[in-house]
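Have a look at it first, and then we can go through the pieces.

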Amino acid sequence: MAEHNERTVDVRVITTSGVYPEAGFETLPEHEVVKTIIEKANKKLHITNTNGWIAVVAGRKIDINRSYRENGLSGRVEIDWGPDHGAGGDA
Amino acid sequence: MHEAASRALFEEEVSKIGPDLLHLRGWTLFSKEFPVLEIGFSAQDGARLRLNLMCDDWNERPPSVQFQDWEGRPLSAIQRDPAGVFNNSAHPATGKPFVCMKGAREYHTHPSHIADAWETVRGTDKFTLGGILTQLWHVWRSLHK
């Protein structure tokens with residue numbers, strides 16, 4: 001929960017395994033690292049192996065180890081969370 | 001795999017590809033009737049691609065992926081991506097362009113990759129139907145913004 005007068009963002013995580021939170025958005029401090037809500041989403045949606053996954057917001061890949069502010073995010077943030085493109089096989 | 005079990009798993013996974021995700025990614029859901037999952041990708045540059053995933057025997061076997069135009073006709077050619085996932089050469093079994101990536105039946109049955117078994121990735125989060133589609137979508141995004 002964000003403290004009074006702290007700048008906040010409204011966030012949700014969207015995946016092909018479902019959406020977190022199930023309804024609405026979580027209001028979080030701007031300085032919180034993105035990874036925190038990603039981990040909550042993984043747990044809630046029973047996603048266990050995210051090796052090679054990326055987070056995309058408005059078509060731009062973001063760094064989940066940085067905060068919303070450091071990623072230049074504000075207001076409503078919808079994080080598209082899923083595996084990056086696969087490698088071609090050179091067949 | 002028993003058809004009822006295959007259908008149940010298919011329907012469970014497809015049910016999670018919800019309206020929020022479709023809207024966010026600009027995907028069009030053409031079919032989710034077992035065993036066919038058809039999704040369309042649209043880009044801001046006007047390009048569109050429809051993918052037909054034939055999921056018979058899911059997930060004992062990976063889906064067979066066919067490139068289609070927006071009306072559902074098979075494509076005889078596809079724009080190749082930098083990673084070489086969208087392979088424009090004729091697959092030995094289908095004679096058509098194919099997805100050369102783990103998670104596509106045409107990859108695992110191609111003579112060049114026959115030793116790269118589906119079983120090594122089957123059932124992992126990256127290789128659900130949604131995971132495979134997401135990987136293909138990012139391939140598409142590398143060509144069309």
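Two residues count as being in contact if their C-beta atoms, placed from the backbone, lie within 7 Å. Keep in mind that this is a predicted model. With that cut-off, take the contacts in chain A between residues at least 6 apart in sequence: 64% of them join residues at least 24 apart.

So what is chain A made of? There are one helix and six strands, and reading along the sequence gives β-β-β-α-β-β-β. The C-alpha trace of chain A spans about 55 × 25 × 20 Å along its principal axes, and 36% of the 91 residues of chain A count as buried.

Now for helix 1 of chain A, residues 35-44. Its buried residues are A:Ile37, A:Ile38, A:Ala41 and A:Asn42.

| Strand of chain A | Residues |
|---|---|
| Strand 1 | 8-15 |
| Strand 2 | 18-20 |
| Strand 3 | 26-29 |
| Strand 4 | 53-57 |
| Strand 6 | 75-83 |

Helix 1 of chain A is followed by A:His46, which has a positive phi, near 60°.

Over in chain B, strand 1 (residues 27-31) and strand 2 (residues 36-42) run antiparallel and are joined by four bridges. The two strands form a hairpin, with four residues between them. As for B:Ser31, its bridge partner in strand 2 of chain B is B:Glu38.

Note on methods:
Residues numbered from 1 in each chain as written. Chains lettered and ligands numbered in written order. Predicted model: local features only at pLDDT ≥ 70, side-chain atom pairs only at ≥ 80, totals over all residues. Pairing = 2+ DSSP bridges. Buried ≥ 20, exposed ≤ 12 C-beta atoms within 10 Å, placed from the backbone.
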